[in-house]
Amino acid sequence: MIDKQIKNPLRLPAGIKDYIFNEAENHRHVERGLTNLLQDKGYREIITPTFEYGEIFEIATKAGMLRNGLDEKVYRFLDRDGNLLALRADFTAQIARIAAARFADIESVLKIFYTGKVFRAEPHHEGRSREKWQVGFEIFNEATVDADAEAIINIMETLDHFKLSNFRIAIGHIGYFHGLVKESGLSGDERQQLRYLVERKDMAGIGRLLDQTNMPVEVKNVLQNLPDLHGDVSVLERAKTAIRNEKSQHALGKLQKLWQKISSHPLAKNIFFDLSEVEGMGYYTGIILKAFTPGIGTEVGSGGRYDQLTAVFGTEMPAIGFSFDVHLLASARLMQQEE
Amino acid sequence: MTININRTQKLVAALPKGKLLKPTFALLQKAGFFFDEADQKSRKLIIEDKNRMMQALFVKPSDVPIYVEHGIADFGIVGKDSLVESCVDVFTPLELDFGQCNLAIAGYPEDLDRNWRLRSLVRVATKYPNIARVHFDKLGVQAEIISLHGSVELGVLAGLADVIVDIVETGTTLRENGLVVFEEILPVTAMFIVNKASHKLKLRQLDTVISAIAKS
């Protein structure tokens, strides 16, 4: 039997790591590459505190229509005065707080980048990091697809800069799903269940859930086939048929417009659409973005539009943001170099 | 997550050793992937189909979800029991029409009558500690979950546990040992699961396989 009582001063909690020499250099190289690129594009840095009052992440997770479980992953602790504090679990929530507090009077476009670690209590299992090193950017005060296009071009050029060939960017729009859900008349609990099932592309589970409900048969059909709505731009046309609600139509229109802006970019062949992509922060209100590169079994970056998040901090500012996982990009880079 | 997805352009499958293997090969055949009979029965751990389009890894069923979550395999076939127990983050686009059974709570018939739910503590022997924990929490019954690796029925017979949570297919093992099903927890079937990054990076190949299987 392994005696857990004996203190071993060398052990580390699961999900965190030391980066030594080569690995440290590789990670810093990726971090600098990212921050230099963003600086060259006119983004300016904000350094946020490592911990702050606990409410902020709670408020941020409740800003959206659907929760995503971030709230349960926040590390909370008490200071000596009994205040509830939390380790940084999400940069975007912090930057939104800062933007609302410090830039409420500014109407021009605001471009921000950040670098650092977020801390999340991931379930203790096989290799899931509890400390994630992120570099990300946010664009405030630009509600048009121009900002969405800029975000996507930033992502493509970054992955290209690191010579990560054959990367993919998946674009979804949470508004498409929200519109359908609203039209369906599902209850709050059922909505959560449906989102979970769509996230996992669980066709059979979706079928069972829909069978128990009473909704227009057209809506039922669209929801049932949602996991299949992915592919090149033609998927937007496919998604349009049988949609009557304005919110979903609006979302598709936005994606069409966005595609017109970016389709001529030399890296645009790496883009595809996935309308069943509903996973992400609860505060997303528009497009949802994920980046993938060969060799890495999960997304190397994710982001989306969040037009209502700053409102919970007192000022409404439309915004879109994206963050890269430095560790995964560094791993992808090493892997492709080895070939 | 540090994840090393396979870097090959071929599809990589994690296939469950044991009962599900034969219907799995039949299923892949319907999707156009033929594996050599000798290979299917050999002790090799990695084999390739005849057209060299797919690699198959032979994996202990409960390990299939981990191979797929980490992207070592692009997809896998596994019972819903192992999938739910593993708590992995993968796509589950298809339920398959084999491997049907039930995950159930079982114990002595006297206990069923005496209402086992009224005990202050229920001792549960199981190979599915995560599923058991969530289920007893849902019931609001305080349970001591005892994790075993084989013949969980013995746990009850020998007095280690009050009930078991385990797979019930025909119920023969239970009957022969004088145990009965109290309630069913989860209907189980074989599942087709897909790595989330592979779904984007090998979209066309995977879509072809999935639609071929869905139609069959």
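Here is a walk through a predicted model with a chain A and a chain B.

Let's start with the inside. The largest nonpolar core has 98 residues, and Phe137(A), Ile171(A) and Tyr176(A) touch the most other members. Helix 4 of chain A, residues 145–161, gives this core its largest share, 8 residues. Take Tyr176(A) and skip its neighbours within four places in sequence: its contacts then include Val222(A), Leu226(A), Ile243(A), Leu252(A) and Leu275(A). There is also a second, separate core of 28 residues, and among them are Met54(B), Leu96(B), Leu206(B) and Val209(B).

Now look at where the chains meet. Here 34 residues of chain A are in contact with 29 residues of chain B. The size of an interface is often given as the accessible area lost when the parts come together. For chain A and chain B, that comes to about 2,700 Å², with 49% of it on carbon and sulfur atoms. On the chain A side, Arg200(A), Lys201(A) and Gly297(A) lose the most area to chain B, and together they make up 21% of what that side buries.

What holds hands across this interface? Side chains of opposite charge can pair when their charged atoms come close. Between chain A and chain B there are 4 salt bridges, and 9 residue pairs are in polar contact. Several elements of chain A supply at least two residues each to the side that touches chain B, including strand 7 (168–173), helix 7 (203–211) and strand 9 (271–274). Helix 11 of chain A gives the most, with 4 residues.

One of the salt bridges to find is the one where Lys196(B) meets Glu279(A), at 2.9 Å from N to O. Glu279(A) also pairs with Lys290(A), at 2.6 Å. Because Lys290(A) lies in strand 10 of chain A and Glu279(A) in the loop between strand 9 and strand 10, this pair ties together parts that are 11 residues apart in sequence. Both Lys290(A) and Glu279(A) are buried. Salt bridges with shared partners join up into one network of Lys201(A), Asp274(A), Glu277(A), Glu279(A), Lys290(A), Asp89(B), Lys196(B) and Lys200(B).

Glu277(A) sits in the loop between strand 9 and strand 10 of chain A, 13 residues apart from Lys290(A) in strand 10. Glu277(A) is buried, at 5% relative accessible area, and Lys290(A) is buried too, at 4%.

Over all chains, the structure has 33 salt bridges. Another of them joins Lys117(A) and Glu131(A) at 3.7 Å. This pair links strand 5 (residues 110–119) with strand 6 (residues 131–140) of chain A. Lys117(A) is partly exposed, at 26% relative accessibility.

Why? The closest cysteine sulfur to that of Cys87(B) is in Cys101(B), 18 Å away, so the two are too far apart for a bond. Cys87(B) is partly exposed, at 46%, while Cys101(B) is buried, at 14%.

Finally, a look at the backbone. Most residues other than glycine have a negative phi, and most peptide bonds are trans. Asn166(A) has a positive phi, near 60°, and its place is in the loop between helix 4 and strand 7 of chain A. Arg52(B) has a positive phi as well, near 55°. Arg52(B) lies in the loop between strand 2 (46–48) and strand 3 (54–59) of chain B, and it is exposed, at 55% relative accessibility.

Methods: Residues are numbered from 1 along each chain as its sequence is written. Chains are lettered from A and ligands numbered from 1 in the order in which they are written. This is a predicted model: local features need pLDDT of at least 70, side-chain atom pairs count only at pLDDT 80 or more; totals for chains, interfaces and linings use all residues. Side-chain values use heavy atoms; hydrogens and water are left out. A disulfide is a pair of cysteine sulfur atoms within 2.5 Å. Buried means under 20% relative accessible area, exposed over 50%, partly exposed in between (1.4 Å probe, protein chains only). A nonpolar core is a set of buried Ala, Val, Leu, Ile, Met, Phe, Trp, Tyr and Cys residues joined through side-chain atoms within 4.5 Å. Contact means heavy atoms within 4.5 Å. Buried area is the accessible area (1.4 Å probe) that two parts lose on being put together, summed over both. A salt bridge is a side-chain nitrogen of Lys or Arg within 4 Å of a carboxyl oxygen of Asp or Glu. A polar contact is a pair of N or O atoms within 3.5 Å; within protein, one must be able to donate a hydrogen and the other to accept it, and residues adjacent in sequence count only if both atoms are side-chain atoms.
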